[in-house]
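Colleague: I have not looked at this one before. Can you walk me through it?
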Amino acid sequence: MGVDIRVENLNAWYGNTHTLQDINLHIPSNQATALIGPSGCGKSTFVRCLNRMHETNPIARAEGTVLMGGLDIYKDASPVEIRRRVGMVFQRPNPFPTMSIYDNVASGLKLNGFRNKRMLDEVVERSLKQAALWEEVKDDLRKKSGASISGGQQQRLCIARALAVDPEVLLMDEPASALDPVSTAKIEDLIFQLKSQYTIVIVTHNMQQAARVAANTGFFLNGKLVEFDATTKIFTTPSDKRTEDYITGRFG
Amino acid sequence: MRIKFQQNLDELKERLLIMAGLVEQAIQRAIESYTARDLSLCDLVLRSEPAINRMEREIDQAALDLLAMEQPMAVDLRFIIAVIRINSDLERVGDQAVSIASRIQEMGAFANIDLPVDIPKLASLAAAMVRKALQAFIEGDADLAQSVLLLDDQVDEMNADAFRSLSMLITQKPEMAPQALNALIISRNLERVGDHATNIAEDVIFWVRGSDVRHQTATLHEAS
């Protein structure tokens, strides 16, 4: 099951640049939450702080509290443990190109020392089914490589790979921006189905997509969270003029 | 800035104002024809209806196109929704003008008698509500729109008074029933015009403030 995420006074820097400033918000469990804002506003940095990926850059640092289901991920958990609990899907599908479809999905478990073949088979099948890819690849699991399938299939393979380690949270950084409309619709359907089991945070430049998939939406601007509210409220009657100006295309 | 989209929104507003001009003219002519018993004005009102209906369809189509092609949000979405609703209310005000003109034509077949009802006063209040609601739309002024809502009770009361006095007249002097009945319908038409003006004002408030104030008259009066 998904867990809620409580962020308190989160600040992040790249070198001397203060990229996130005093972010406070509560992301409910088992819902899709969208983050929108112009390029460079800090939304991607924010999601990278939710799985401690931000700190992998030597000039980057973060301060503040991120409670994931009550667990303080900066104090009470290692980056490795957090990566298991928080899956991430990126803008461009990044399957391991030389690995088979099967090995792509099983890679996370194998890295964690999981060796039982029957159980691996089960997890691979379950994850590919969850990612709505099973029917399309079940006959080629070991024959085809991760790079040999279409872009949309690769993205769903990456989602299956993320789900295989049984995370509580799924972060998606513009997961459909490189995909055609049909593949995009499949990803959005997946988000709709997966949110009952996982907490999903999606960064998107496509506001219609945010409106379609997310229960709540946050608007970032210049490193600050300007507004966070129910998606219907954000897209019909936002409270802040800056949100309204952005979503109506008056800037950004 | 989405320049083309903004131009399309301006154009939609412009079209609605042309529609509003036609409707205001129709209601004004209907009122004048009552006051002056000028049946030629009634003809003009009846002949304006197809143009008003055509404009309603064109504005709806333009609004629908913008919704489909531009996927507007927030204030722009509320504006287009408000335009669609106001468009429909204006067309209905046009229908009321037509109904009034038809009643006046019918009254022309009978002798001109003094009726215990001040139709011109009721008409002037209802028309003022429409004008004020449209002014609020032109200026995006929610406060002005709010003031329109408070006028609706006056129109309702005048219509209720007309109902009482004309019903009594029909009972006491049945020979005046045809004239009284037509006046009763005109009074009711004008009360409806006030209702449509109220709707328009509520749509302006929705567009500007994002709040839905429909069916909240009691709350409004308590607040004022």
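Colleague: What is the strand order in the open sheet of chain A?
Modeller: This is a predicted model, to start with. The order is β6-β7-β8-β3-β9-β10 in chain A, an open sheet of 6 strands with mixed pairing.

Colleague: And which strands stand at the edges?
Modeller: β6 (86-89) and β10 (224-230) of chain A. Each has a single partner strand, so one side of each is left without a neighbour in the sheet. From one strand to the next, the twist averages 15°.

Colleague: In what sense do β9 and β10 of chain A pair?
Modeller: Antiparallel, over 6 bridges. A:F219 stands opposite A:E227, which is in β10(A).

Colleague: Which strands does helix α1 of chain A touch?
Modeller: Helix α1 (residues 43-50) packs on the sheet and touches β3, β6, β7, β8 and β9 of chain A. The direction of α1 makes about 150° with that of β8(A). α6(A) also packs on the sheet, touching β6 and β7 of chain A.

Colleague: Switching to α4 of chain A. Which of its residues are buried?
Modeller: A:V123, A:V124, A:S127 and A:L128. Down the axis of α4(A), the buried residues fall within an arc of 125°, so they line one face of the helix. They pack against α3, α5 and α6 of chain A.

Colleague: What is on the other side of α4(A)?
Modeller: A:R118, A:M119 and A:E122, which are exposed.

Colleague: Last topic: how many residues does each chain give to the contact between A and B?
Modeller: Chain B gives 11 residues and chain A gives 11 residues. On the side of chain B, helix α3 (residues 74-107) gives the most, with 5 residues. By class, that side has 6 nonpolar, 2 polar and 3 charged residues.

How values were computed: Residues numbered from 1 in each chain as written. Chains lettered and ligands numbered in written order. Predicted model: local features only at pLDDT ≥ 70, side-chain atom pairs only at ≥ 80, totals over all residues. Contact = placed C-beta atoms within 7 Å. Helix = DSSP H or I, 4+ residues; strand = E, 2+ residues; numbered from the N terminus. Nonpolar A, V, L, I, M, F, W, Y, C, P; charged D, E, K, R; others polar. Buried ≥ 20, exposed ≤ 12 C-beta atoms within 10 Å, placed from the backbone. Arc of directions from axis to C-beta. Pairing = 2+ DSSP bridges. Axes fitted to C-alpha atoms, helices over the stretch in contact; angles between N-to-C directions.
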